[in-house]
Amino acid sequence: MGRRSGVLEFAVLGLLHDAPMHGYELRKRLNVLLGTLRAFSYGTLYPCLKSLVAQGFLVEDNPDDEYVPATALNGKRSKIVYRLSPEGKERFEELLADSGPDAWEDEHFGVHFAFFGQTDRAVRMRVLEGRRSRLEERLERMRNSLARARERFDDYTVELQRHGLESVEREVRWLNELIETERANRSGRTGPLADGPTTAATDKTSDGRGQEAGSPDPPGPPYDRPGRSDQER
């Protein structure tokens, strides 16, 4: 699942695993589920649906009484209802169990995380730890780049790089909380998603200041979080 089409395939199969739906509704659900990553168009979605049908992962139904809101793009094909075949369910379970390096990348991780509620705990742990490892490598490169930028670029360019660095630092702290939650639940304890962070470990931000883990960032994927808050400044 190393290409863009694989990300969309996983998302489509996951949504249809919950319930059959027609293309119009599926597109709306995709934009809600993955809107922070990309906006899907009919031009992207329908070739994917056609491919999944051809592979035997989806079945098309065309009920006469299906109501579809009028749009300029829907036409007759919007009335087709898509549902998973038995092979499609197996394919979704296969993708759900994937915890390799592809699952740690930006877009792939977002899709995996969206379906974590259906994912085995051991797989969740491997994906979370792999994602954290990948971001820690990225942090090292970004810190080196920021150090060089201070000597070569103006203050605004440096601030832009600092903003990107701190966004990654926040995601690493968020991942640390999630990993601690998984470990706590495995041992029967209550983790930070229920009762707040279980640890008070202090992480260092890019300017060296201490910050208590889990604060002040809100829970949930960090993709659309803004830059430093007033408290962080």
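Predicted model: local features only at pLDDT ≥ 70, side-chain atom pairs only at ≥ 80, totals over all residues.
Reader: Noted, thanks. Is Val-158 buried or exposed?

Author: Val-158 is buried, as its relative accessible area is 8% and anything under 20% counts as buried.

Reader: And how far is Val-158 from Ser-145, in sequence and in space?

Author: They are 13 residues apart in sequence, and 9.6 Å separates their C-alpha atoms in space.

Reader: What about H6 and H7, how do their axes cross?

Author: Helix H6 covers residues 121-152 and helix H7 covers residues 155-186. Their axes come within 9 Å and cross at roughly 155°. Angles over 145 degrees count as roughly antiparallel, so H6 and H7 are roughly antiparallel to each other.

Reader: Left-handed or right-handed, that crossing of H6 and H7?

Author: Left-handed, as H6 passes H7.

Reader: Nice. What residues make up the contact of H6 with H7: how many nonpolar, polar and charged?

Author: The contact of H6 with H7 has 14 nonpolar residues, 14 charged ones and five polar ones.

Reader: Let's talk about charges, then. Where does Arg-131 lie?

Author: Arg-131 belongs to helix H6. Its relative accessible area is 1%, so Arg-131 counts as buried.

Reader: Which side chains does the side chain of Arg-131 make polar contacts with?

Author: Asp-106 is one of them: its side chain makes a polar contact of 2.9 Å with the side chain of Arg-131. Glu-171 is another, and its side chain is joined to that of Arg-131 by a polar contact of 2.9 Å.

Reader: Changing topic: how many helices and strands are in the protein chain?

Author: The protein chain has eight helices and five strands. Along the sequence they follow the pattern α-β-α-α-β-β-α-α-α-α-α-β-β. Of its 233 residues, 41% count as buried.

Reader: How many residues are in the largest nonpolar core?

Author: That core has 27 residues. Those with the most contacts inside it are Val-12, Leu-13, Leu-16, Leu-26, Leu-30, Leu-49 and Leu-58.

Reader: Which elements give two or more residues to this core?

Author: There are helices H1 (4-18), H2 (23-34), H3 (42-54) and H4 (86-96), along with strand E3 (81-84). H1 gives the most, with eight residues.

Reader: You mentioned Leu-16. Where is its place?

Author: Leu-16 is in helix H1. With a relative accessible area of 3%, Leu-16 is buried. The C-alpha atoms of Leu-16 and Leu-84 are separated by 6.2 Å, and these two residues are 68 residues apart along the chain.

Reader: Great, thanks a lot!

Key:
Residues numbered from 1 in each chain as written. Heavy atoms only, no water. Axes fitted to C-alpha atoms, helices over the stretch in contact; angles between N-to-C directions. Helix = DSSP H or I, 4+ residues; strand = E, 2+ residues; numbered from the N terminus. Parallel < 35°, antiparallel > 145°, perpendicular 65-115°, else oblique. Left-handed = near helix turned anticlockwise from the far one by under 90°. Nonpolar A, V, L, I, M, F, W, Y, C, P; charged D, E, K, R; others polar. Core = buried A, V, L, I, M, F, W, Y, C linked by side-chain atoms within 4.5 Å. Buried < 20%, exposed > 50% of the residue type's maximum accessible area, 1.4 Å probe, protein only. Polar contact = N/O pair within 3.5 Å; in protein donor to acceptor, adjacent residues only side chain to side chain.
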